[in-house]
Amino acid sequence: MSIPVSTTFVGRGGDLTALVEAAATTRVQAVLVTGEAGIGKSRLVAEFTARLAPETAVLIGRCPEFGGGGVPFAPFVAALRRLIRLRGPEELAALLPGANPALARWLPELRTGTVEADVEFDRLRLFGELLTLLERLAVERPAVLILEDLHWADDSSRELFAFLVANLAEPNALLVATFRPSGPPALRRLVAELRRNPAVRFIAPEPLTRHEVGRQLAALLGREPEPESIGRIFARSGGNPLFVEALSRSPEQTPAELSELLLSAQSELGADARTVLRVAAVAGSPVEHDLLEAAAELPMSRLHAAVRELVDQHLLTATDTGYAFRHVLIRQAVYQDLLPIERIRRHAALSRLLRARPSLLPTERLHADLARHAFAAGECSLALTASLEAARIAERACAHGERLRHLERVVELWETTASDGTPVDRLAVLEQIVDACFHSAAAHRGIEAADQALALVDAAAAERAARLHYQRAYLRNQGGEDGYEDLQRALDLLPAQPPTLLRGRVFAELAAIASFTGDRAAAERHALNALAVAQSLGASALAAKAHAYLGLAEMDSAAAIQHFARAHDAATAADDAETVLSVLTWETAALVAAGDYTTAIDTIRTGLRTAHDTFRFAERGPILLVKWAQALTALGRWPEATQLIRETLAEPLPPLSTAALHLCHARIALARGRIEDATIEAERAERILGAGIRVGQYRLELGWVGASLALAQADPELAARRLTESLTVGELDRHPGEAWALLALGVRLPQPPPVLATLAAALPWTSPVAAAHRAVYTATISSDALDWQAAVTAWQTIAQPYEQAQTLLACAIAELGAGDRAAARTALRSAATRATAIGADPLVEKIRRTADRARLRLDSTPPGRSGGAPKPVTFGLTPRELEVLRLVAQGSSNRQLAAELFISANTAGVHVSRILDKLGVSTRTEAAAFAHQHRLLEHHLLEHRLLEHRLLADPN
């Protein structure tokens, strides 16, 4: 008895329509179809692909059931192999950059030049090439990439899928994936993240209704079923289409006996078909034809007849190069039905076969499959050696999660193999585990393996021990612990001569920690040592990092600029995108700390564009966007800062970046008098910030915000408590800008804490921002007009209009006290101009009250508040959306939008979706036509210029 299969598509009309509409909607990048086994996910996708235009390029990759066995990128490799068969390697290679694309690591036939041996593999380069290939295919014709059974995907495939969803910008390309909701935790985290993306649609087919079960049964049986039969099968199947199929000829069975129902199809199979089915169940689904042929040991004619019988009985389906079980539940039922000894023997037979004929499987699968079969057959020595080789292949593919999984199997086996004499260098395996964790952010396991390895390492093997200490320090820093002692121990172990790259990297990491914690002297010392090693070895990437840390530590701005210029030269020489981005990020941090916000924003834009071009936006974008928000906040460009903060917080972010953005938002809300909003933002930041070594700067800023809020709410005692708590939690001299801001705030209290004078006497001022806050501190204590004039002068060198306006107001009050009304009036007018231009309404009100009390007349119409032409009709579009619309009208893709506006592709897609909704159109083309018809682009230019004038006007 075969398992009946209905040719009629029942009960999924709405789901199919949703999938077809998603494919036709340019704002949708991916569709995820979710449901339990047997619910009809694959059937729905098959019906969808059957309805696509004939010219559509459809690429299908199935995640093997043994994906957890560690075959890196399995579904993507399968999809590309099909593409090569359809279009040829030459045509595909022509779509890729260079003669040696990274994808040649998967598919050697794509390499058109000489082999580049020992070239360090760039994981993001591979991801970017696949993205480029998919988008270039979609330029020619619509392209759909389908990944089946994402719940079985290897770690690297999941990461690549997430990368494609985040970066795919070609409207003619679509990603489709099926998965079970009960997948592994890593998949559930990915799904939760994707649900926040408006460019991703989710479709969850529901169980069939009673009526739909009846329609399916009618199609299966070729006649109308009895009502009683429909009721029994509906109740027992729960509306699951696969269960309905299995029960259709045995309605009295129960779901608990489903495996028996699925196995009942074997009863009418011939002996050859049963043999082939069992071999296929052990080999795994899908199985290559050549492997099945060799393992079945049947003559060609009998094999073909057996396979045809299995296809006709709807147990197997044909793929490009072999066969797959129609449903995994069938394979599982067949496999579980084998006697344990039969399973072992068949796994052993496959193991022998793969050793004798390795060409039966693609290279990337051979050793992982061999390890699986050998392990299941109890051949521990073979499973161990095959796992080691599979780990090596995974390392070459930069698939460190799969590499780690293979190495863990080695650890599991080495006790078993010790008795049979199989040589295992345990220390070497542990070192590989540490290295895999080092590259895959598996901090806890890496630290554990490093502990074990360090206990085994020979005292004479100083460099091995030092490398382990260096890697453990990195992993500890990742996990929120302090890796400083490990770095110092590594340094002690490494000889100064001859210099080694590892020693240089240890110095650089020490310089990084010192820089991030504000210890300038230590940062300079370690960076100079790293630079000396780099120069002796000609290591450009290390030299770039060393110069960048020297730039961060340098108090003289001219010297810092020179260091960063050298860092850029060295990074360019290294031809390493990660190093280039690191230098840009550190330079941005130095510029913001020094108060050079305009230059910082230019550098940030360069960094974000580079991040887009090298597909590293998710890696480097968050910190660059934080620095941009900080610069905009300081410049008083609060609408832009607020927009940027909201857009950035909608993306997945590291905790520290999230806290920093909430603090920026709190500062803006506080300056605008929105006390409740500022309180909420400060509380959000406080919940995120911990007590790690890298949060000192932000904890001081949080203390400033908290004390300022208390003052705004007329609670000086609370302000004093918060201030005192902040001043006693860390080393203030490491963050002088934030520390001086706290001291300047503290002396404004009715009863300043006594500790302020002691702290001020020892605190350095290493930047213009710190010096300006110190000048305010001094002037507040003295109340002398000359000191306030000096404070005004100090702030004039820094483009922070809010602080300028505050200082001018205080100076005006001091001038009034000294009897110089003319100087006071000038200061008040300048203060009002600055405060009004940035929308600091509470400060404007204070300035006006001061002028009124002194009977000084201010200008009646402050700049930026005058009337003018009526605001054009924009159909509810914000200035940002009008900017996006202008680029859409120019034909820009989401990726081009993101690069032009320095935002993520996801955020660009959100903007486009909102524009289409507000304009009531469905495509970009219609949006562009609407914009031209209603002259929105002209209105946009006017609106943009008005906004720019209001935000950037020179208050002088």
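**Reading the features**

Mentor: Let us start with a pair of helices: α30 and α31 are roughly antiparallel to each other, a term for angles over 145 degrees, while those under 35 count as roughly parallel, 65 to 115 as roughly perpendicular and the rest as oblique. This is a predicted model, in which local features need pLDDT of at least 70, side-chain atom pairs count only at pLDDT 80 or more, and totals for chains, interfaces and linings use all residues. Residues are numbered from 1 along each chain as its sequence is written, and side-chain values use heavy atoms, with hydrogens and water left out.

Trainee: At what angle do the axes of α30 and α31 cross?

Mentor: Two packed helices are described by the angle between their axes and the distance between the axes. Here helix α30 (residues 617-635) and helix α31 (residues 638-649) cross at roughly 160°, and their axes come within 8 Å. Axes are lines fitted to C-alpha atoms, for helices over the stretch in contact, with angles from 0 to 180 degrees between N-to-C directions. Helices (H or I, at least four residues) and strands (E, at least two) are DSSP runs, numbered from the N terminus. The crossing of α30 and α31 is left-handed; this word applies if the near helix is turned anticlockwise from the far one by less than a right angle, and right-handed if clockwise.

Trainee: Which residues make the contact between α30 and α31?

Mentor: Contact means heavy atoms within 4.5 Å. From α30 come Leu625, Trp628, Ala629, Leu632 and Thr633, and from α31 come Trp638, Glu640, Ala641, Leu644, Ile645 and Thr648. They divide into eight nonpolar, two polar and one charged. In this scheme Ala, Val, Leu, Ile, Met, Phe, Trp, Tyr, Cys and Pro count as nonpolar, Asp, Glu, Lys and Arg as charged, and the others, Gly among them, as polar.

Trainee: How do the axes of α24 and α25 cross?

Mentor: The axes of α24 and helix α25 (residues 520-537) cross at roughly 155° and come within 8 Å. That makes α24 roughly antiparallel to α25, and the crossing is left-handed. The contact includes Leu501, Phe507 and Ala511 of α24 and Ala523, His526 and Val533 of α25. By class, this contact has 12 nonpolar, four polar and no charged residues.

Trainee: How should I read β4: how many of its residues are buried?

Mentor: Seven of the seven residues of β4 are buried; buried means under 20% relative accessible area, exposed over 50%, and partly exposed in between, with a 1.4 Å probe and protein chains only. Ala173, Leu175, Ala177 and Phe179 point one way from β4, and Leu174, Val176 and Thr178 point the other way.

Trainee: In which sense do β3 and β4 pair?

Mentor: Two strands pair if DSSP finds at least two bridges between them. Strand β3 (residues 143-148) pairs with β4 in the parallel sense over five bridges, and leucine 147 stands opposite alanine 177 in β4. Strand β1 (residues 30-34) also pairs with β4 in the parallel sense over five bridges, where the bridge partner of alanine 30 is leucine 175.

Trainee: What is the order of the open sheet of three strands?

Mentor: The order is β6-β8-β7, with antiparallel pairing. The edge strands are β6 and β7 (316-318), each pairing on one side only. Between β6 and strand β8 (residues 322-325) there are two bridges, and valine 287 has tyrosine 323 as its bridge partner in β8.

Trainee: Is arginine 855 buried or exposed?

Mentor: Arginine 855 is exposed, with a relative accessible area of 77%. Its phi is near 55°, a positive value in a residue other than glycine, and arginine 855 is found in the loop between α42 (841-853) and α43 (879-889).
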